[in-house]
Amino acid sequence: MTDRFASLDALRSACANLPAPDKGAGAAARARQAVLTKPPGSLGRLEWLAEWLAEWQRRPVPRLERVLVLVFAGNHGITRRGVSAFPASVTAQMVANFAAGGAAINQLCAAAGAELRVTALDLDAPTADFTEAPAMTEAEFLAAVATGYGAVSADIDLLCVGEMGIGNTTTAAALAAALFGGDGEHWAGRGTGVDDAGLARKRATVDAGLARHAAALSDPLAAAAALGGRELAAILGAVLAARHAGVPVLLDGFVSTAAAAPLARLAPGGLDHAVIAHASAEAGHRKLAAALGKEPLLDLGMRLGEASGAAAAVPILRAAVACHAGMATFAEAGVDGKE
Ligand SMILES: Cc1cc2ncn([C@H]3O[C@H](COP(=O)(O)O)[C@@H](O)[C@H]3O)c2cc1C
Ligand SMILES: O=C(O)c1cccnc1
């Protein structure tokens, strides 16, 4: 798997040479919206979503037959700094819970008609504590990116990405700061529910990581290796693969948005094939969405991760596609058009 990206430069070039959307398919979808039996624009963002799916699926009438939810799990060296309300052991225990069908994401995938695949990434070998060393070596980072890349195929209609990794809201805050500026105070939130002392430790951990890796911060991929995590790297790889395969993406909350964000820094429009499914209640997420120029679809006060917000948004996309594909035109239905 590692030979897919033999070096950061090889990955950088895969991130820089991204396919453009199919503007023709988008225009055809837009033209169809205009003749369906409704006042123009009356389905609001559902219309935009159908057009967005059409452009990235390269199909004038988009479809959502196969929806895949990928959840990647990783462990983090910074957990020993007391940055989570839960112990690191919960990461592996939740992976077992996913396999047994007992987690929120299992129920949300069933409700959304989506297939769930969970990939655990070296849970027995946590990343290094990034206040002391790069979280991952270049080889470890590239291997995780390649695992995510290899999990995506062109035969899916929509990809949802999510993560499980105790400590990773601190990781995501550090990565967001590296990519967009700002410090621990700006980006760290309460994650699984740390108290004020825990929040102070998170902020200090982010600041220490930024200071330790100052020289790497101007390179989005070097920053992702130094401050990120394996599950975040795998999400980056999966979102990149989706772009190359013509698969639109739903990002989940703060962690998965931060994981994919290097792509936006490496190429203009690098995340245009991705929609942020929901505004997480994690403090940094709205700021991160704004930095990416994106407006999250839902706002349900969720702050779970696991791709839960992405899966929750799938029925909205299904609604958009059902209207776009199934509605009659004014001519077909014999309904009079606008005066
Ligand atoms: C039982 C349980 C299930 C979860 N599912 C997702 N997360 C979420 O919480 C973690 C990030 O928060 P922090 O940075 O505070 O550790 C990640 O594992 C994320 O996916 C969970 C957390 C817990 C405790
Ligand atoms: O928004 C997220 O991604 C999130 C929030 C809290 C805990 N884990 C993940």
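Mentor: Let us begin with what pairing means: two strands count as paired if DSSP finds at least two bridges between them. Keep in mind throughout that this is a predicted model. With that criterion, β4, residues 249-251, is joined to β5 by 3 bridges, and these two strands run parallel. Within β5, the residue opposite L251 is I276.

Trainee: In what order do the strands of the open sheet follow one another?

Mentor: The general idea is that strands of a sheet pair through backbone hydrogen bonds, either parallel or antiparallel. Here 5 strands make up an open sheet, the order is β2-β1-β3-β4-β5, and the pairing is parallel. The edges are held by β2 (115-120) and β5 (274-276), and each has a single partner strand, so one side of each is left without a neighbour in the sheet. From one strand to the next, the twist averages 25°.

Trainee: Which strands does helix α11 touch?

Mentor: Helix α11, residues 230-245, packs on the sheet and touches β1 (67-73), β2, β3, β4 and β5, while its direction makes about 175° with that of β3. Helix α14, residues 308-326, lies across β1, β3 and β4 and runs at about 160° to β3.

Trainee: How many bridges link β1 to β3, and how many link β1 to β2?

Mentor: The pairing of β1 with β3 is parallel and extends over 7 bridges, and that of β1 with β2 is also parallel, over 6 bridges. Two pairs show where these strands meet: A73 has M164 in β3 as its bridge partner, and V69 stands opposite L116 in β2.

Trainee: How many residues of β1 are buried?

Mentor: For this step you need the cut-off, which is that a residue is buried if 20 or more other C-beta atoms lie within 10 Å of its own. In β1, 7 of the 7 residues are buried, so the strand is largely enclosed by the rest of the structure. V67, V69, V71 and A73 point one way from β1, whereas L68, L70 and F72 point the other way, and all are buried.

Trainee: What surrounds A73?

Mentor: A73, which belongs to strand β1, is buried, with 26 other C-beta atoms within 10 Å. Setting aside neighbours within four places in sequence, the contacts of A73 include T91, V95, V118, A120, E163, M164 and E231.

Trainee: Which residues other than glycine have a positive phi here?

Mentor: The general idea is that most residues other than glycine have a negative phi. In this model, phi of R58 is near 60°, and phi of E306 is near 65°. R58 lies in the loop between α3 (45-57) and β1, and R58 is partly exposed, with 14 other C-beta atoms within 10 Å. E306, by contrast, counts as buried, with 29 C-beta neighbours inside 10 Å, and its place is the loop between α13 (285-291) and α14.

Trainee: What does UniProt list for E306?

Mentor: An unreviewed UniProt entry lists E306 under "active site", and such annotations may be inferred rather than shown by experiment. Not counting residues up to four places away in sequence, E306 touches V71, A103, A104, I105, G162 and M164.

Trainee: Which residues are closest to ligand 1, and which come nearest to ligand 2?

Mentor: Ligand 1 is surrounded by 18 residues, of which the closest are S84, T169, G191, T192 and G305. Two or more residues of that shell come from each of α4 (89-100), β3 (158-164) and α7 (168-180), and the largest share, 3 residues, is that of α7. By class, the shell around ligand 1 holds 7 nonpolar, 9 polar and 2 charged residues. Around ligand 2 there are 13 residues, with G253, F254, V255, S280 and G305 coming nearest. Helix α12, residues 254-266, gives the most to that shell, with 3 residues, and the shell around ligand 2 is made up of 2 nonpolar, 8 polar and 3 charged residues.

Methods:
Residues numbered from 1 in each chain as written. Chains lettered and ligands numbered in written order. Predicted model: local features only at pLDDT ≥ 70, side-chain atom pairs only at ≥ 80, totals over all residues. Near = placed C-beta within 6 Å. Helix = DSSP H or I, 4+ residues; strand = E, 2+ residues; numbered from the N terminus. Nonpolar A, V, L, I, M, F, W, Y, C, P; charged D, E, K, R; others polar. Axes fitted to C-alpha atoms, helices over the stretch in contact; angles between N-to-C directions. Contact = placed C-beta atoms within 7 Å. Buried ≥ 20, exposed ≤ 12 C-beta atoms within 10 Å, placed from the backbone.
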